[in-house]
Amino acid sequence: MNATMYELELTLNGKKVKDMIPSDMLLIDYLRNVRLLTGSKKACGAGECGACTVLMNGRPIYSCITLALQAQGKEIETIENLSDGDTLHPIQEAYLDAGAVQCGYCTPGMIMSTKALLQKEPQPGTQCIKEAMAGNLCRCTGYQQIIEAVQLASERMEQRRRDS
Amino acid sequence: MNEYKYIGKPVRRIDGQAKVTGRAVYSDDVILPRTLHAKVLHARQSHAKILLLDTEQAKAYPGVAAVYTAKDIARNDKYFRMGDTKDTWVLAEEYVRYIGDMVAIVVAESEEIAEAALRLIKVEYEPLPVVSSLQQAKEAKDLTRCDKPGNVAMPIVVERGDVEKDFAQAAVVAGGTYTFPSLHQVHLEPNSATAVYNMGKLAVYCASQMWFHIREDISAVTGIAEKDIEIKPMMIGGAFGARNDQPLPVITALLAVMLKATVKMTNTRLEEFLACRPALGMEIETWIAADAEGNFLSKKTKLLSGFGAYSSDGDAVTAIACFRGDNNYRFRSTYVNGTGLYLNHAPTGAYRGFGNPQMHFALEQAIDELAVKLNMDPTELRLKNFMHNHETSIHGFRYETNGIRECMAQAKELMGWDEKRKNKTPGKGIGVAALIHCSGSRAGKPEFAGSSALLRLESSGALTVLIGESEIGQGMNTVCTQIVAEELGVDPLSVNVVMGDTSLTPFSTGTNGSKLTSNLGIAILFACKDLKKQMSDCLRERWGIGPVEIKNGAAYGEYTGEKIMSFDEAAVKCSHAFNGRPFYGVGIFEPKTDLGDATGYGNLAPAYPFGVQMAEVTVHDNGTFTVDKIVSVHDIGKTINSQMAMGQVYGGVLQGMAGVTLESLAINKEGIYQANTLLEYKPPTFLEMPEIVGSFVETIDPYGPYGAKCIAEPPIIAVAPAVANALYDAVGIRFEEAPITPAIFRKKLLEKQRENQRQNQPEKLPENQGQQRTNPKEAGS
């Protein structure tokens with residue numbers, strides 16, 4: 001209970017932020033309880049389900065098994081950064097169009113994993129999607145429509161790149 | 001056939017934007033000021049007498065608001081409504097009876113403090129014998145609980161027709177004993193609740209499939225009248241039956257009342273496994289008698305089901321397992337002897353399918369076995385015995401529409417059944433299983449069978465559907481908007497839906513039995529018609545306009561067909577004519593169904609969904625197998641949302657497949673769940689997906705809205721037997737016990753090889769086992 005307090009400084013969703021936090025605080029708890037970014041979910045607390053997935057310097061990580069201080073000086077991106085409140089990110093649009101959302105509890109983590117995948121591999125094949133996303137569990141969809149959403153997002157983002 | 005604008009179309013989810021942006025608020029996302037946090041001390045033993053329970057040190061820990069044990073709780077025995085047996089307590093009194101039984105609760109300023117204080121509670125136990133298996137419970141040498149002699153929680157014995165006579169006349173009898181383990185629903189969102197007590201009133205933010213029943217539970221345990229309790233529905237991260245009976249919100253509410261404070265409690269994943277309500281494990285011995293042509297005569301079943309230490313939904317689940325599967329086929333007689341048994345593990349209850357998957361695992365394998373004995377194609381044998389339209393089944397189900405034959409035809413086509421049976425590929429196997437379920441079974445609910453809905457129109461033209469059921473991911477809120485949009489011609493995304501705020505919505509018996517689209521959907525349709533009539537009457541009587549018809553988002557002259565005013569203008573006129581009151585369309589659907597008589601006979605549901613599921617498996621040279629493809633064809637009545645309906649099929653099929661090949665709680669002799677993490681329990685990932693081919697047969701049921709029945713539960717029901725039958729087709733081994741894990745599969749395969757070698761059948765195994773195929777006629781013997 002008497003963990004030492006440290007100053008954490010990081011870039012969170014594009015903005016520099018600074019907080020005093022206990023050294024043993026997990027990144028998911030920092031995001032949810034200190035920054036009130038409740039989009040990332042704590043569903044297993046053991047790095048098994050991926051509902052807490054956020055991007056650290058563009059790489060997907062389980063924030064429930066990452067100490068907040070590990071984010072020191074890094075860039076963290078959460079689901080809250082993808083939409084400006086008026087328009088959706090193409091990945092978010094694709095999830096809706098493909099019917100890839102049911103209860104929605106896995107969705108923020110799924111979308112962050114998709115974002116990381118499409119940054120690294122803009123046109124992934126089905127097997128590539130399955131392997132890249134295997135760290136995210138979904139209990140509702142049977143995954144089929146999520147795969148379709150990733151493919152749809154990939155196509156649309158490719159189209160957008162060509163158009164611009 | 002009618003042309004619809006929104007019905008049957010892939011309309012986007014109305015809660016989708018909130019869910020993809022992270023803005024959707026689930027129970028654990030509720031953060032209120034001055035909140036205390038609670039943690040539960042769970043039993044460390046599966047069965048023990050509590051000798052000492054000392055909470056003094058925990059109480060003295062800085063930041064602790066209270067530590068409670070059973071003796072602090074005035075209404076400790078008023079727990080629970082679930083089950084008829086009323087044999088549960090809030091906190092354990094003299095004994096603990098499963099790992100997860102609740103012993104004490106700490107409430108503190110933070111979750112961390114509560115956890116630290118929990119470790120200071122001293123408990124001494126005197127261990128008692130643990131009853132961990134159905135056979136052990138049946139022998140009753142050891143008792144799960146000293147107050148339940150014989151370990152029997154419920155018996156069912158029913159005979160219809162003359163079973164002995166029919167068995168005596170039979171040319172062929174087939175069957176066996178099939179066991180299905182206790183599975184966990186694993187909805188991804190752990191239970192969480194926040195309860196706010198203030199001046200005799202209580203508000204509880206939580207998730208539930210039964211908002212009104214959880215309010216009843218809370219009232220019973222806290223002593224606060226139901227009208228002073230408001231249940232605030234949060235977004236729900238999956239349910240699958242597990243949110244029929246949830247201790248957590250009830251206890252959170254109780255703590256808020258005891259401390260006159262705001263209290264929040266959230267389960268860890270481990271607590272989800274230990275202290276919730278998984279499905280019933282069952283052991284089912286079933287035999288089917290048929291004549292030489294393959295006409296079914298009779299069925300005889302002995303069933304044991306595991307209730308856990310206390311009653312939850314076990315009695316209703318067991319009853320459905322005992323009866324429902326029989327109704328798909330024409331039997332002259334049937335006998336069932338079902339016994340629910342207490343076991344020293346978590347109380348068990350509802351999981352998608354509600355006992356029906358367990359029985360289908362037995363029944364559909366027994367039918368497969370019968371086909372082998374009769375040397376018949378298993379699809380032909382089923383087709384010969386399925387029920388028809390307008391027939392009444394042996395347990396009293398009456399079918400207005402029955403598309404099972406069309407389902408079979410489509411499934412065969414999609415699997416390439418005839419071709420694959422004719423030209424068998426070594427190492428591959430195909431299997432079939434059929435299913436029946438209910439669209440809105442009463443499942444023992446005494447109150448009423450139907451649903452009611454309100455549709456509120458405000459002067460702004462805003463439309464809000466008010467219903468007492470839950471959105472658990474299945475998409476009912478979107479279905480509501482589709483129906484309103486279809487009837488009034490407005491944009492579905494403009495329709496608001498309130499589901500389950502108990503201070504606003506009609507009473508509902510809950511979100512279960514795959515009843516929402518069929519029963520609630522028709523109530524919403526009626527509410528739309530009622531609202532249109534009220535608007536039309538108001539315009540004519542108060543404004544002298546019309547008669548008008550409300551459609552396409554406007555008011556049209558009934559005779560001229562010309563548009564008179566927009567929907568929003570009509571809304572203003574209606575509201576202002578009555579000094580600003582909103583208009584409420586009221587819809588009530590009261591199905592003509594029975595609760596069932598004392599023997600369980602009766603027409604339980606307004607409509608019945610049917611389906612056929614097929615699996616294709618490959619057995620590999622290293623002694624493992626994969627499920628390559630599952631075909632799932634459903635008589636859905638009428639599809640309301642094509643995309644969401646298919647989503648239900650994909651999700652249900654994968655759950656079904658995982659339940660028979662991957663998942664197990666692995667309960668050991670000490671009653672301990674050896675698989676109590678997501679890693680060990682093994683819900684499937686992207687990498688375990690088979691190819692899933694879903695398809696629908698639209699029979700257009702006379703009751704449901706636009707002819708709809710249901711789709712939520714059916715896709716899980718017959719996957720397990722289809723996979724087991726496909727494995728039999730591949731290797732000639734009957735897998736009577738689920739889950740068929742790689743280890744069990746390989747063990748059985750080696751046993752089979754040794755047996756074959758003993759019989760001097762030279763087979764080059766194990767190197768080559770995938771290439772070997774046995775004659776199915778011999779293999780079953």
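These legends go with a set of close-up views of a predicted model.

View 1. The largest cavity has a volume of about 140 Å³. Counting those of 30 Å³ or more, the structure has 9 cavities. Look for B:Phe180, B:Leu183, B:Tyr351, B:Pro357 and B:Ile716, which sit nearest the centre of the largest cavity among its 15 lining residues. Three helices of chain B each put at least two residues into this lining: H10 (356-374), H17 (642-661) and H19 (714-717). H17(B) is the top contributor, with 3 residues. Sorted by class, the lining comes out as 10 nonpolar, 4 polar and 1 charged.

**View 2. The second largest pocket, lined by residues of chains A and B.** This pocket holds about 1,100 Å³ of space. Its lining runs to 34 residues, and A:Asp29, A:Asn33, A:Lys42, B:Glu111 and B:Glu112 are the ones closest to the centre. Chain A brings in helix H1 (27-34), while chain B brings in strand E1 (35-42), helix H3 (111-118) and strand E12 (262-266); each of these elements supplies at least two lining residues. As for the make-up of the lining, there are 12 nonpolar, 10 polar and 12 charged residues.

**View 3. A nonpolar patch on the surface of chain B.** B:Val586 belongs to strand E23 (residues 583-589) of chain B. This valine counts as partly exposed because its relative accessibility is 39%, which lies between the 20% and 50% cut-offs.

**View 4. The B:Lys122 and B:Asp54 salt bridge.** Zoom in on these two side chains and you'll find them meeting at 4.0 Å, N to O. B:Lys122 comes from strand E6 (residues 122-127) and B:Asp54 from strand E2 (residues 48-54), so the pair ties together parts of chain B that are 68 residues apart in sequence. How accessible are the partners? B:Lys122 has a relative accessible area of 42% and is partly exposed. B:Asp54 is also partly exposed, at 27% relative accessibility.

**View 5. The B:Arg215 and B:Glu226 salt bridge.** In this pair the N to O distance is 3.4 Å. B:Arg215 sits in helix H6 (residues 211-222) of chain B, whereas B:Glu226 is in the loop between H6 and strand E11 (229-233), 11 residues apart. The arginine is buried, with a relative accessible area of 12%, but B:Glu226 is partly exposed at 29%.

**View 6. The B:Lys232 and B:Asp501 salt bridge.** The closest N and O atoms of this pair are 3.8 Å apart. The bridge links distant parts of the chain, with 269 residues separating the partners: B:Lys232 is in strand E11 of chain B, and B:Asp501 is in the loop between strand E19 (495-499) and helix H15 (516-543). B:Asp501 counts as buried because its relative accessibility is 11%, which is under the 20% cut-off.

**View 7. A salt-bridge network with residues from chains A and B.** A:Arg32, A:Lys41, B:Asp28, B:Asp29 and B:Lys264 are joined into one network by salt bridges that share partners.

How values were computed:
Residues numbered from 1 in each chain as written. Chains lettered and ligands numbered in written order. Predicted model: local features only at pLDDT ≥ 70, side-chain atom pairs only at ≥ 80, totals over all residues. Heavy atoms only, no water. 1 Å grid on protein atoms, 1.4 Å probe; cavity = no way out; pocket = protein on both sides within 12 Å on 5 of 7 lines; lining within 4 Å. Points joined across faces, edges and corners; volume = space filled by probe spheres on them. Helix = DSSP H or I, 4+ residues; strand = E, 2+ residues; numbered from the N terminus. Nonpolar A, V, L, I, M, F, W, Y, C, P; charged D, E, K, R; others polar. Patch = residues over 30% accessible without salt bridge, like charges linked within 9 Å, V, L, I, M, F, W, Y side chains within 5 Å. Areas by Shrake-Rupley, 256 points an atom, 1.4 Å probe, with all protein chains shown as cover. Buried < 20%, exposed > 50% of the residue type's maximum accessible area, 1.4 Å probe, protein only.
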